[in-house]
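Reader: Could you walk me through the terms used for this structure? I would like to see what stands behind each one.

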Amino acid sequence: MSTSTVGLHDRASRLRRKRLGMATLMALRYAVIAVALAFTLVPLLWILSTSLKGPDQWQHDPPIWIPSPFTFDNFRQMWTDGGAAALLHSCVTVGVSTITATILGALASYSMSRFHTGGRNFASWVLSVKFLPPAAFIVPLLTWFQTLGLLDSYLGLILTYTTFNLPFAVWMLKGFFDEVPVELDDSALVDGCSRLGVIWRITLPVAAGGLVTTLLLTLIFNWGEYIFALVLTRSDMYTVPVRLSDYFSEATGLQWGPQAALALVAILPIIAIAIFIQRYLVRAMAFGAVKG
Amino acid sequence: MGEQVAGYETRSRARLLSLQRRRPWRRWLVQYLMVAPMALLLVGVTIYPLILAVRMSLLDWDATSIDHPFIGLANYQELLTQDSRFIADLLRTGVMGGAALAIEFVAGFALALLFLGPFPGKRILTTLLLIPMMVSPVVVGFTARMAFTTSYGFVTPVLQAILRRPISIDWLSDPNFAPAVIVLIDTWEWTPFVFLLLFAGLLALSHEPFEAARVDGATRWQTFVYITLPQMRYVILVVILIRSLDLIKLFDTIMLATRAGPGIATEMISPFIYDVAFQDFRFGYAAAASLILLVAIMAITSFVIRTLGRSVVG
């Protein structure tokens, strides 16, 4: 009787101690996450705040966190001051090259997935292009495009963006296509479907999630691309990142409000997309090395 | 019923085979036509320019002059033996990249471990913490420039409030602090990526070894060192490889935050190539530097795979 009471008491205190340990761990966890969260969000909130401030508050000392009064003048000025053109250029270039890269990538990766075109390691070989530094290409690409008359044109930028995103699209899509059973293709072929018909009616619908993820990630990469746009376009064809960096070399001095407004417009849609495809991110970012 | 299905399958299989046997050229044509556009683009926009780069690197190609005389390997020789700026930039790329990688790895791993197990608010917190890696690098660099500018950025006042003493550091124009700022903003942007990959890796680990360790009374630290780390080898290898290759080509954030300055205090290898080509107009010289960079990248890739790969296999 007495021994069991002692045992119970003992167990209860151990449980209490364990709970205390858990509570400490929980507190520590939230403390660390709170610091990480502040570190993450404060710069983003600063962009938002600056984009809504009047000129007298952009460079105020001490810094003003909540603009008063709120103003949308920065957005208006950014829009008329090259922002609208930059957004148009970016939308056309990024839109066309993203869709092209996904379509061409789908064709190539279907061939690689079903016919093992180029051998087993072809996909890895193609992927290695993604890891080459763009800076190493700018000089030869500039002279090559100059010869072809592709500088400062939609076509030049679209060709570049399509090519440099193809490896990623192929790698992603091949992984998704490999998971679609070959038997589906075969039965459709027996029923008289053509190859393109098989891809269009069977493979793509089955791998639709993968296709959308690939498309959106390619879009994100293209949207932020800077160095090719900087080198291959001069005066007329500037994209959003180029326009954003141009603010620093303007004679009018720092225009932080409009610049922050353009930055905000540039990142908001991307963040929305990223949240939408969050559950595919692991797999996409690790190039299939980690299954998420 | 079962036999009927089997019969149908055999018959359809036979029909498929006969279809393929009757028109082998057609399958071959379809197969290669589908890869052709990609192959054409890769050859035209990546491989051919690289061949051009090899040729340019052997010429004294000044963009402002008309003729480009052949000078053999003189560009390479100058880069590797006389250009102290190039050597310094290579070193700086290694040091700044290494520092960023180390911080991102430790912070990302710590966060990943903290996120194991259920707790209230986990989903929304994960989403919020992952935002930086989706922000365009140009915007990251611009924000850093706003934040660290001495008299009206927010970093100095916030630090003063936390430390309760005046700080007079000119972050972006002090050659000692500017590189640290670049490292810090890369950490801001890419720790979420490291966290995401390591977290996914942790979730995929099998439970048995952890159960066994708990039964044997292993401490948390022992469990981490002897069970978690070895099981995570492959994921760790992938994280380190992807991040190193990204850090070597760092360009956008540097150009926006510091323009590789003050002087060349934050100049890494990509800004060097850009500057040589578009400030000095020495295209041949820049092409030679590009090719050295490409060779270095391939060497590093195979080195990382071999050294870490051995521990992955062994």
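**Terms and what stands behind them**

Author: Helix α11 (residues 233-248) of chain B has 16 residues and spans 22 Å from its first C-alpha to its last, close to the 22 Å expected at 1.5 Å a residue. This is a predicted model, where local features need pLDDT of at least 70, side-chain atom pairs count only at pLDDT 80 or more, and totals for chains, interfaces and linings use all residues. Residues are numbered from 1 along each chain as its sequence is written, while chains are lettered from A and ligands numbered from 1 in the order in which they are written.

Reader: What makes residues of α11(B) count as buried?

Author: A residue is buried if 20 or more other C-beta atoms, placed from the backbone, lie within 10 Å of its own. In α11(B), the buried residues include Val235(B), Ile236(B), Arg243(B) and Leu247(B).

Reader: Why are α7(A) and α8(A) called roughly antiparallel?

Author: Helix α7 (residues 182-190) of chain A packs against helix α8 (residues 195-206) of chain A at an angle of about 155 degrees, with the axes 10 Å apart. Angles over 145 degrees count as roughly antiparallel, and α7(A) and α8(A) are therefore given that name. Leu184(A), Asp185(A), Ala188(A) and Leu189(A) in α7(A) meet residues of α8(A), among them Val198(A) and Arg201(A); contact requires C-beta atoms, placed from the backbone, within 7 Å.

Reader: How many residues does each chain bring to the contact?

Author: Chain A brings 78 residues and chain B brings 71 residues. Helix α1 (residues 2-51) of chain A gives the most to the side of chain A that touches chain B, with 14 residues.

Note on methods:
Two residues are in contact if their C-beta atoms, placed from the backbone, lie within 7 Å. Helices (H or I, at least four residues) and strands (E, at least two) are DSSP runs, numbered from the N terminus. Axes are lines fitted to C-alpha atoms, for helices over the stretch in contact, and angles run from 0 to 180 degrees between N-to-C directions. Angles under 35 degrees count as roughly parallel, over 145 as roughly antiparallel, 65 to 115 as roughly perpendicular and the rest as oblique. The expected span of a helix is 1.5 Å times one less than its number of residues. A residue is buried if 20 or more other C-beta atoms lie within 10 Å of its own, exposed if 12 or fewer, and partly exposed in between; C-beta atoms are placed from the backbone.
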